[in-house]
Amino acid sequence: KRKVYGDRAVIFAPLYLHNECINNCLYCSFRQDNEKAVRRNLTPQEAVDEARALAARGHRRLLLVCGEHPRLSSAACIAETAQAIYAGADIRRLHVNAAPLSVDDFRTLQEAGIGVFQVFQETYHRKTYAAMHPSGRKADYNWRVTAMDRAMAAGIGDVGMGVLFGLYDHKFEILALLQHSAHLRETFGVGAHTVSVPRLRPAAGAILQRAPYPVDDEQFQLVVAVLRLALPYAGIVLTTREAPGMRDELLAAGVSQISAGSSTSPGGYLDKDREIAAVDQFKVYDNRSLKKVLKAVCNKGYIPSFCTACYRKERTGAGFYHIAGRGELEKLCLPNALLTFKEYLQAENGQLKEQGEEIIHKALNDINDKHMRKQVKDRLARIEQGERDILF
Ligand code: SF4
Ligand code: SF4
């Protein structure tokens, strides 16, 4: 990971658009038959307001998340919301985690300027898949497992895969996921751009409250390490399903992107004080604020990064793989981490500001290439003078 990306840790937050769903996944609070779930569907303006709240905290990269619903999770609806957020909030790249779409619908999302499109297979084991997804569109294994092929055929170069660890034997799941990624690489010249590693957690109103195939902490670290070695150019994404200590440890095992200060319900960032908040998708185990997570990342020797540069400089898909394969990504990741962290620190004061400035100063002096060091130094000075969104 250090060789490919350097010592940066990319930070993002999920933004839930709605929790309506036509499916009945046994492990999820949003499932259709959960009558106790308080449902909420954000209007594009409400989504912009949530995005603005996250931007005010310092986030620049968001993951739009929604359940599966014929109208609310249609490509047109997601694209409209994405465009409203780009126009109305200081958010630089939106990734999407939604239900599988047709090639035409994926094209609509691609044209709306999304970054990564994520669909998790949850389990690659057909019998388990059938048992866990008894009804709704998601019951169709083949429609889901071919989603990445359709996304890539539509021109989305960066796709995100995932398994819900705990549903079936994790060794089988890893091998299947690697085959899935290899298939894409053979067909489209590029494999998984990201791999997410959620572990099954209790969820209010879910039928399945315990993992049939629990993955303990030690096995889980091994899962992350194996994925990191097998897919050296894929981002490994970890959410707040994991507890703080485990999250900090997993950065060393291979995780490269973490969510921070997350809410897993629609409206959850601005509605915290409402008496009836919409149901969360699952229980969050890391409730630290963004600031606290950044401190922990710094204490572990990593540089927090709010970078979105590759998606905006057309370093995507197979092109991204080539740059990473030539060992050139690290030369971009580190400077972009320094610039975006510096930007974040402009609104900070106190201990994190001091610690962050020290880290930036040291990392700048560690850049061997004199020309690059000077360029980064100049750009850091420009940020201090008020310029924003400078990227390599
Ligand atoms: Fe719906 Fe996704 Fe929850 Fe399944 S996991 S019930 S598809 S929101
Ligand atoms: Fe990600 Fe590219 Fe930025 Fe590195 S330079 S953090 S790979 S977007």
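**Exercises on helix packing and ligand shells**

Helices α2 and α3 are oblique to each other, and the first exercise works through that result. This is a predicted model, in which local features need pLDDT of at least 70, side-chain atom pairs count only at pLDDT 80 or more, and totals for chains, interfaces and linings use all residues. Residues are numbered from 1 along each chain as its sequence is written, chains are lettered from A and ligands numbered from 1 in the order written, and side-chain values use heavy atoms, without hydrogens and water.

**Exercise 1.** Work out how α2 and α3 are oriented to each other.

*Solution.* Start by finding α2 at residues 44-57 and α3 at residues 75-88 (helices are DSSP runs of H or I with at least four residues, strands runs of E with at least two, numbered from the N terminus). Next, take the angle: about 45°, with the axes 9 Å apart (axes are lines fitted to C-alpha atoms, for helices over the stretch in contact, and angles run from 0 to 180 degrees between N-to-C directions). Now classify it: under 35 degrees is roughly parallel, over 145 roughly antiparallel, 65 to 115 roughly perpendicular, and the rest oblique. The pair is therefore oblique.

**Exercise 2.** Describe the residues around ligand 2.

*Solution.* First, list some neighbours (a heavy atom within 4 Å): among them are Arg 8, Val 10, Cys 310, Phe 320 and Asn 336. Then see which elements give two or more residues: β1 (8-18), α12 (309-312) and α14 (330-345). Finally, sort by class: 7 nonpolar, 1 polar and 2 charged residues.

Methods:
Ala, Val, Leu, Ile, Met, Phe, Trp, Tyr, Cys and Pro count as nonpolar, Asp, Glu, Lys and Arg as charged, and the others, Gly among them, as polar.
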